[in-house]
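Subject: Structure for you to look through

Dear colleague,

I am handing over a structure that I would like you to open and read alongside this message. Please keep it in view while you go through the notes that follow.

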Amino acid sequence: MSLYDHLKTRCADDWNAYIQHDFVRHLGQGTLPRECFQHYLKQDYLFLIQFSRAWGLAVFKSEDLTSMRYAQSGLNAMLDTEIGLHVDYCRDWGISEAQLQALPEASATVAYTRYVLDAGFAGDLLDLHVALAPCIIGYAEIANWLAAQPDTVREDSPYAPWIDMYLSDEYQQAANTERELLDTLGQNLPPARLEALSKRFRTATRMEASFWQMGLDLAD
Ligand SMILES: Cc1ncc(CO)c(N)n1
C-alpha cells in the first residue's frame, strides 16, 4: 500500500471527521452562516502565511535539487499567486486587506500551523510533508467528496466558487503531485518510522478538523 493510503487508513475515523466535518457539509449545502465562512477566510489568510514558511522550510530540509525545486515552486505559488488570490477573494466577501493584516491569530490557527512547522524543524523532509499532506491533499478530497454529494449546491450558492477552486484541474494536480512525492519519499520504511509518521499524520488531521470547528464556533 502507498504511504499516503497507509496513513489515511490508520486514522480513518479522524480523517472522515475532517473531510465530512459539519463546516464542510453546511458549506456544500449552502447553509453555512456567512460569518462562519468569513471567520474561516480571515484565519485562512494567517494560515497561508505560515504555510508559506513551511514551504520555505521544505527548501531548507531538502537533500537534493529535485526536492528543493519542488519546495521552491510551492513557496513561489504561495507568495506570487495563492495569497494574492485569497486577498482578492476576501475582498469579495467584504474583508479588506487592512483588516486581514490587523488580525490576531486564533488558537486553532496557531496550534495547527506551528505543529506543521515543528514537524519540519524537529524531523526531516518526510515528517514535514506528512504534516502538510492533510492540508494539500485533504482539500482536494473535500472538494471531490462535496461534488459527489447529491445535496451539494453547485450553482446558486455563495460557496460554489470555493468548491470549484479546489475541484479545479490545477489544484487537483497539485494534490496528486504531493501524493506522489509522499509515496516516493515513503518507500520501504521500517515499522517504527511508519508508526511515528502515522501519529504525525493523525495529529495534523485532527488540527484540520479543529480549524473547521474554529470557523463554526467563531472561536478566537
Ligand atoms: C486550513 C487550510 N488547510 C488547507 C488549505 C488548502 O491549501 C487551506 N487553504 N487552509
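Helices (H or I, at least four residues) and strands (E, at least two) are taken as DSSP runs and are numbered from the N terminus. The model is a predicted one, in which local features need pLDDT of at least 70 and side-chain atom pairs count only at pLDDT 80 or more, while totals for chains, interfaces and linings use all residues. Residues are numbered from 1 along each chain as its sequence is written, and side-chain values use heavy atoms, with hydrogens and water left out.

I begin with the core. A nonpolar core is a set of buried Ala, Val, Leu, Ile, Met, Phe, Trp, Tyr and Cys residues joined through side-chain atoms within 4.5 Å, where buried means under 20% relative accessible area, exposed means over 50%, and partly exposed lies in between (1.4 Å probe, protein chains only). The largest such core has 71 residues, and those with the most contacts inside it are Leu-27, Phe-37, Tyr-40, Phe-51, Trp-162 and Trp-212. Helix α8, which covers residues 125–148, supplies the largest share of this core, namely 15 residues. If we leave aside its neighbours within four places in sequence, Tyr-40 is in contact (heavy atoms within 4.5 Å) with Phe-23, Tyr-139, Trp-162, Phe-211 and Trp-212.

Helix α8 also holds Gly-138, a residue that is buried, because its relative accessible area is 0%. Apart from residues within four places in sequence, Gly-138 is in contact with Trp-15, Tyr-18, Ile-19 and Ala-133.

Next comes the packing of helices. Two packed helices are described by the angle between their axes and the distance between the axes. Axes are lines fitted to C-alpha atoms, for helices over the stretch in contact, and angles run from 0 to 180 degrees between N-to-C directions. Helix α8 packs with helix α10 (residues 169–185) at an angle of about 145°, and their axes are 9 Å apart. By class, this contact of α8 with α10 has 16 nonpolar, 3 polar and 3 charged residues, where Ala, Val, Leu, Ile, Met, Phe, Trp, Tyr, Cys and Pro count as nonpolar, Asp, Glu, Lys and Arg as charged, and the others, Gly among them, as polar.

Two residues with polar contacts follow. A polar contact is a pair of N or O atoms within 3.5 Å; within protein, one must be able to donate a hydrogen and the other to accept it, and residues adjacent in sequence count only if both atoms are side-chain atoms. Asp-124 has its place in the loop between α7 (107–122) and α8, and its side chain makes a polar contact with the side chain of Arg-193 at 2.9 Å. Asp-124 counts as partly exposed because its relative accessibility is 34%. Gln-50, in helix α4 (residues 34–61), is buried, with a relative accessible area of 11%, and its side chain makes a polar contact with the side chain of Arg-53 at 2.9 Å.

Last, the backbone. Most residues other than glycine have a negative phi, and most peptide bonds are trans. Asn-188, in the loop between α10 and α11 (191–217), has a positive phi near 55° and is exposed, with a relative accessible area of 79%. Leu-218, in the segment after α11, has a positive phi of about 55° although it is not a glycine, and at 40% relative accessibility Leu-218 counts as partly exposed.

With best wishes
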